[in-house]
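Here's a quick briefing to read with the model open in your viewer.

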Amino acid sequence: MSKENKEELQSEPLVNKEESVETCEAAAEAEAVENEFNLLQEELASLKDKYARVHADFDNIKKRLEKEKYTAVEYANEKFAKDMIPVMDALQMALSSTSNVIDPTEHQQKLKEGIELTLKQLTTALEKHGVTMVSHNEPFDPNIHNAIQSVDSDTVEGGQIVQTFQTGYKYKERPLREAMVVVAN
């Protein structure tokens, strides 16, 4: 055997051993990559499940809030209506009292008192819910007053209200109905 053949034979086992080591390393690396891939797949499935649950919870909360909003709007005037019932009762009692009239003068006086009390009760209920009368004792304000006439007046300064034809009302700070007034020049 020549020297070259001997060297080739000796180098072949080294190459086979190196290839074998590289193959083992590649297999181990492939197994590690496959394990990492499986872990990532499991984490992805877990995150998809969490996302689906959070999304479903969000949809349920959204539906519940929409229902609550609808109910709140539907029954927004419930307190106001409850406060108007005693006023209705007072008016019904006034009507029923006319059936057993004994003394017309006394009845007229009691009817007047009843109407005054009912008006006071109605005013209190409206104020409780933010409805107030527009003041007649303040300067003319075009936002809450509607001047239907202007007159010369010796008793009232210019720009002041002389007379009110129709009372105005505000809901909190917004006008519900402007007061119809006569203004001094």
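Ala125 is buried in this predicted model, with a relative accessible area of 7%, which is under the 20% cut-off. Ala125 sits in helix α3, and that helix comes up again when we get to the largest pocket.

**Ala125 and its surroundings**

- Leave out residues up to four places away in sequence, and Ala125 touches Asp83 and Met84.
- Phe80 is 45 residues away from Ala125 along the chain, yet the two C-alpha atoms are separated by 7.8 Å.

**The largest pocket**

- The lining of the largest pocket is made of 16 residues, and the ones nearest its centre are Met93, Ser97, His107, Lys110 and Leu111.
- Two helices, α2 (78-97) and α3 (104-128), each put at least two residues into that lining.
- Helix α3 gives the most, with 8 residues.
- By residue class, the lining splits into 8 nonpolar, 5 polar and 3 charged.

**The largest nonpolar core**

- In soluble globular proteins, nonpolar side chains tend to be buried together.
- Here the largest nonpolar core has 6 residues in all: Val134, Ile144, Ile161, Ala179, Val181 and Val183.
- Strand β6 (residues 179-184) supplies the largest share of this core, namely 3 residues.
- What does Ile144 touch, not counting residues up to four places away in sequence? The list is Val134, Glu138, Lys170, Pro175, Glu178 and Ala179.
- Val134 and Ala179 from that contact list are also members of the core.

- Gly130 is placed in the loop between α3 and β1 (131-133).
- Is Gly130 buried or exposed? Gly130 counts as buried, because its relative accessibility is 16% and the cut-off for buried is under 20%.
- Setting aside neighbours within four places in sequence, Gly130 is in contact with Lys170, Tyr171 and Lys172.
- Glu157 is another story: Gly130 and Glu157 are 27 residues apart along the chain, and their C-alpha atoms are separated by 31 Å.
- Lys172, one of the Gly130 contacts, is found in the loop between β4 (169-171) and β5 (174-177).
- Check the backbone at Lys172, where phi is positive at about 60° although the residue is not a glycine.
- Lys172 counts as exposed, since its relative accessibility is 53% and exposed means over 50%.

**Salt bridges**

- Side chains of opposite charge can pair when their charged atoms come close.
- Asp49 is partly exposed at 37% relative accessibility, while Arg53 is exposed with a relative accessible area of 54%.
- Arg64 and Glu68 make another salt bridge, at 3.4 Å from N to O.
- That pair also sits in helix α1, with Arg64 and Glu68 4 residues apart, about one turn of the helix.
- Arg64 is partly exposed with a relative accessible area of 46%, and Glu68 is partly exposed with 43%.
- Lys69 pairs with Glu66 in a salt bridge, and their closest N and O atoms are 3.7 Å apart.
- The spacing between Lys69 and Glu66 is 3 residues, again about one turn of helix α1.
- Lys69 is partly exposed at a relative accessible area of 49%, and Glu66 counts as partly exposed at 46% relative accessibility.

Key. Residues are numbered from 1 along each chain as its sequence is written. This is a predicted model: local features need pLDDT of at least 70, side-chain atom pairs count only at pLDDT 80 or more; totals for chains, interfaces and linings use all residues. Side-chain values use heavy atoms; hydrogens and water are left out. Buried means under 20% relative accessible area, exposed over 50%, partly exposed in between (1.4 Å probe, protein chains only). A salt bridge is a side-chain nitrogen of Lys or Arg within 4 Å of a carboxyl oxygen of Asp or Glu. A nonpolar core is a set of buried Ala, Val, Leu, Ile, Met, Phe, Trp, Tyr and Cys residues joined through side-chain atoms within 4.5 Å. Contact means heavy atoms within 4.5 Å. On a 1 Å grid over the protein atoms alone, a cavity is a set of points where a 1.4 Å probe fits but cannot get out, and a pocket is an open set with protein on both sides within 12 Å along at least five of seven lines; lining residues have an atom within 4 Å of a point. Ala, Val, Leu, Ile, Met, Phe, Trp, Tyr, Cys and Pro count as nonpolar, Asp, Glu, Lys and Arg as charged, and the others, Gly among them, as polar.
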